[in-house]
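Visitor: I have a structure open and would like to learn how to read it. Could you walk me through it?

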Amino acid sequence: MRHLSSSTASSKLHDIYCFKPPPSLSPEKPQASNNNNNNKKKQKPEYRPPSSLETNKKPLRSDLPFDFRFSYTESSPDARPIGLREPKYSPFGPGRLDRTWTGVCAPAVDLKVKSVDVGVGEEGADLEEKRRVIREKIQGKPLTKAERRILAEKCQRNKTKRQINLGRDGLTHNMLNDIHNHWKHDEVVRVKCMGVPTVNMKNVCTQLEDKTFGTIIHRHCGLLVLYRGRNYHPRNRPVIPLMLWKPHEPVYPRLIKTTIDGLSIEETKEMRKRGLAVPALTRLSRNGYYGSLVPMVRDAFLVSELVRIDCQGLDRSDHKKIGCKLRDLVPCILVTFDKEQIVVWRGKDYKPPEDEDEQFFADRQLFDDPQSDMDCSEETRSSDETSFQQE
């Protein structure tokens, strides 16, 4: 009587307690096979290292109204290259940007889609007008003199260590993203300019304001204080795709020809010998400030026809960049780059330029706007008068 069969036990339990035994007490073969399959761990997919060249994602779209270049201060859209050193591989990566790479830049206007009736000058004017509208919208009301002074004092070296270094490559494309990252935490950012770009500081300031839509509120030699604007919000920052590598520079015409224009071969050789024997006007230090170089060369041309600049310790490419800037800004004729020297000639009919003050800044500038200060003082005065009348 004690050894009951499973069927009778289960039937009695079911009759008395309405109990059904769990499947574990009376397992069946097909259920056991299913349970074994479920207990098995799922195999993890094989590890695949992350790659920045994934083409599965949609290409980034940026509405910034200017052409993307590696350097905005050290390259000019007017200079036409005579060849490329590599195929037209986009430095943004294959399929990561909706703009085509021409070997020099990624234009904002697609060259294949643009209309034939619209000229290049009209497209450039439209983009410039669009940049001006965006900048005015972000900047809002101009700063007062007291506000500029407070923001400039916040960027002093003893107050903060946050700084962006602008070196020999000038204002690069990825540097725009760094500036916006700094603007997340503070209204202003300090930019330190060094080396070749400081020869033409006006171009550096213009490109910074044009590409970031900010305003320079203080400048002392190579130190700039860049303000983001009253209506700037980090969530509404523009989309800036990053360059994954530095593209090779295209091939440009030679700066120094075999013979100087207007001179014979013998006269050119004699001038190069005399130029290397002339006392050096100045010696350029590595990563220094060269903002006073062009006025020094212009003043030296009033006394001597040949000027030599000592560039020992600088890279060969820096010699060429400085010489190209001197040729356009002074203006002058390049003679030689031998022995780490830059020798320039003023030419036969040299006349000093008349717009010296318009091309260059002073060494120290606060960028004050007296009109805005007067308006703000009038507003405060009127508010004081109204409060006094109410009292």
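**Reading the fold and its charged pairs**

Guide: Let us begin with contacts, meaning heavy atoms within 4.5 Å. Among contacts in the protein between residues at least 6 apart in sequence, 76% join residues at least 24 apart. Please keep in mind that this is a predicted model, in which local features need pLDDT of at least 70, side-chain atom pairs count only at pLDDT 80 or more, and totals for chains, interfaces and linings use all residues. Residues are numbered from 1 along each chain as its sequence is written, and side-chain values use heavy atoms, with hydrogens and water left out.

Visitor: How many helices and strands does the protein have?

Guide: Helices (H or I, at least four residues) and strands (E, at least two) are DSSP runs, numbered from the N terminus. Here there are 11 helices and nine strands.

Visitor: What percentage of the residues counts as buried?

Guide: Buried means under 20% relative accessible area, exposed over 50%, and partly exposed in between, with a 1.4 Å probe and protein chains only. Of the 391 residues, 35% are buried by that rule. The protein exposes about 25600 Å², and carbon and sulfur atoms supply 51% of that area; the Shrake-Rupley method with a 1.4 Å probe gives these values, and for residues only the protein chains shown count as cover.

Visitor: What is the order of the strands in the open sheet of four?

Guide: Strands of a sheet pair through backbone hydrogen bonds, either parallel or antiparallel. Two strands pair if DSSP finds at least two bridges between them. In this open sheet the order is β5-β6-β8-β7, with mixed pairing. β5 (280-283) and β7 (333-336) stand at the edges with a single partner strand each, so one side of each has no neighbour in the sheet. On average, neighbouring strands are turned by 30° against each other, direction ignored. Axes are lines fitted to C-alpha atoms, for helices over the stretch in contact, and angles run from 0 to 180 degrees between N-to-C directions.

Visitor: In which sense do β6 and β8 pair?

Guide: β6 (residues 306-310) and β8 (residues 341-345) are antiparallel, over five bridges. Leu306 stands opposite Trp345 in β8.

Visitor: Which strands do helices α7 and α8 lie across?

Guide: Helix α7 (residues 265-277) lies across β6, β7 and β8, at about 55° to β6. Helix α8 (residues 293-301) lies across β5, β6 and β8, running at about 170° to β5.

Visitor: How many salt bridges are there?

Guide: Side chains of opposite charge can pair when their charged atoms come close. The rule asks for a side-chain nitrogen of Lys or Arg within 4 Å of a carboxyl oxygen of Asp or Glu, and the count is 16 salt bridges. One of them joins Lys325 and Glu74 at 3.6 Å, N to O. Lys325 lies in helix α9 (residues 316-329) and Glu74 in the loop between α2 (29-39) and α3 (120-139), so the pair ties together parts 251 residues apart in sequence. Lys325 is buried at 14% relative accessibility, whereas Glu74 is partly exposed at 23%.

Visitor: Which residue meets Arg131 in a salt bridge?

Guide: Asp210 does, at 2.9 Å, N to O. This pair links helix α3 with helix α6 (residues 201-212), 79 residues apart. Arg131 is buried at 14% relative accessibility, and Asp210 is partly exposed at 22%.

Visitor: How far apart in helix α3 are Glu136 and Arg132?

Guide: Being four residues apart, they are separated by about one helical turn. Their closest N and O atoms are 2.7 Å apart in a salt bridge.
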